[in-house]
Amino acid sequence: MQVTKGMVGHGFYDSNSAPQWEATAHVLPWLEEIAAALDLPGSGAITLADFGCSEGRNSVAVMQRLVAALRARSDRPIHTIHCDLPTNDFSGLLHRLNPDGGRAFEADHVYSSAVGGTMFRQLLPPGSVQIAMTFNAIGFLSRRPLDHLPGYIFPNGPSDLNPVGHVSAAEQAAFAQQADADLRSFANARAAELAPGGKLLIEVFGAGECLRTCDGIYDVLNDAVLDALNAGMLTQEAYARYYQPVYMRTLEEVLFPFGQAGSELAGLFALDRSELYEIPVSFVEAFNQNGDVAAYAKAYTDFFRAFTETSLRLNLADNADLEALVRYVYTRAEQRVRETPDRYPFNYIAMGVMLTRRG
Ligand SMILES: C[S@@+](CC[C@H](N)C(=O)[O-])C[C@H]1O[C@@H](n2cnc3c(N)ncnc32)[C@H](O)[C@@H]1O
């Protein structure tokens, strides 16, 4: 089974990904520092590549900041490359890169490409990239390590606040192993593409000591899917088969393969800096200020619908009335948040890791 086809397209992801932008914005100063100081030998294009660009709003905004920082010090051509799965909806990205009557970048000699392919393989020519980046994407797994996850819909298990369901330690270990293998594949592919001295920035949602980005979101989605099960809209077997193919890593899990003495990745990359951080979420802050629970429930549900719906559809594709089921699940989820917002608190925990390609 395919794990995902990408996010919900037609502008829906772009309209509902402000938290991902906030998580990205936290590490933009790191990138700007690098753009100002990076050693840039040669005279060809300076190449910047983003892996997991989705519909492009956040990806183009990152590139605009980086292009401005690079253009301040160099007249060389700049190439921005935006990569995602071949099934991703690239149409918004292509429009953003070619806006009607204008241009995407306030600089001359900027050229852009979209590339379809999995980020867990090499996608670009050897030694051709100066800065490689990924934002809120590497948590998506390359494959489903288990056929079934019968007790819950997410590998990291339910939150402590709302312990409906269960994921065993052995089940969780299978996902942790897959995530580790994926991270190694990703880093090896980027190592092949980066020029010596090039930079790799990994930013991703994940798990802190107490809070995890999955809490709240998947508790309410799990409750809504269980509502569908109880209403006879899907079978117990279908519930057992369905899970979101995403894993929330800790910062230690992201750093581990780069810090193992003598390992391949420790030989390929030097660690510059890393940070675990929490970002304020705009719809949570608005709710805390204005108490408008209906607006909160809608913004919250649209936010996670944008990155969960495709996998839900793929998992439950053999359902007799998939459209009705999908409609029901997200309607129920929104209703549940509206009725009991305290049951599903949401916190965005993210981490950034900056690495230099040795050589
Ligand atoms: C939550 S979105 C993040 C989009 C954007 N980077 C942002 O921060 O708003 C995750 C993206 O990762 C992409 N993705 C998931 N698995 C992928 C893979 N194996 N290769 C490339 N992209 C992948 C999805 O298609 C999706 O566009």
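Which residues does Arg76 touch, not counting residues up to four places away in sequence? In this predicted model, where contact means heavy atoms within 4.5 Å, Arg76 touches Leu40, Pro41, Gly42, Ser43, Gly44, Ala45, Ile46, Arg71 and His109. Residues are numbered from 1 along each chain as its sequence is written, and side-chain values use heavy atoms, with hydrogens and water left out. Because the model is predicted, local features need pLDDT of at least 70 and side-chain atom pairs count only at pLDDT 80 or more, whereas totals for chains, interfaces and linings use all residues.

Arg76 is found in the loop between helix 3 and strand 2, helices (H or I, at least four residues) and strands (E, at least two) being DSSP runs numbered from the N terminus. Arg76 is buried yet has no salt bridge, the nearest side chain of opposite charge, that of Asp39, being 8.4 Å away. Here buried means under 20% relative accessible area, exposed over 50% and partly exposed in between (1.4 Å probe, protein chains only), and a salt bridge is a side-chain nitrogen of Lys or Arg within 4 Å of a carboxyl oxygen of Asp or Glu; Lys and Arg count as positive and Asp and Glu as negative, while His and the chain ends are not counted.

Phe120, in the loop between strand 3 (110-116) and strand 4 (129-135), is likewise buried, with a relative accessible area of 13%. Leaving aside neighbours within four places in sequence, Phe120 is in contact with Ile138, Phe140, Leu141, Ser142, Asp182, Ser185 and Phe186. Gly165, in the loop between strand 4 and helix 5 (169-193), is partly exposed, with a relative accessible area of 38%.

The largest pocket holds about 650 Å³ of space, and of its 40 lining residues the closest to its centre are Met7, Gly52, Asn136, Ala137 and Phe140. A pocket is an open set of points on a 1 Å grid over the protein atoms alone, where a 1.4 Å probe fits, with protein on both sides within 12 Å along at least five of seven lines, and lining residues have an atom within 4 Å of a point; grid points are joined across faces, edges and corners, and a volume is the space filled by probe spheres set on the points. Helix 3 gives the most to this lining, with three residues.

The second largest pocket, of about 200 Å³, is lined by 14 residues, of which Ser159, Asp160, Cys210, Leu211 and Asp215 lie nearest its centre.
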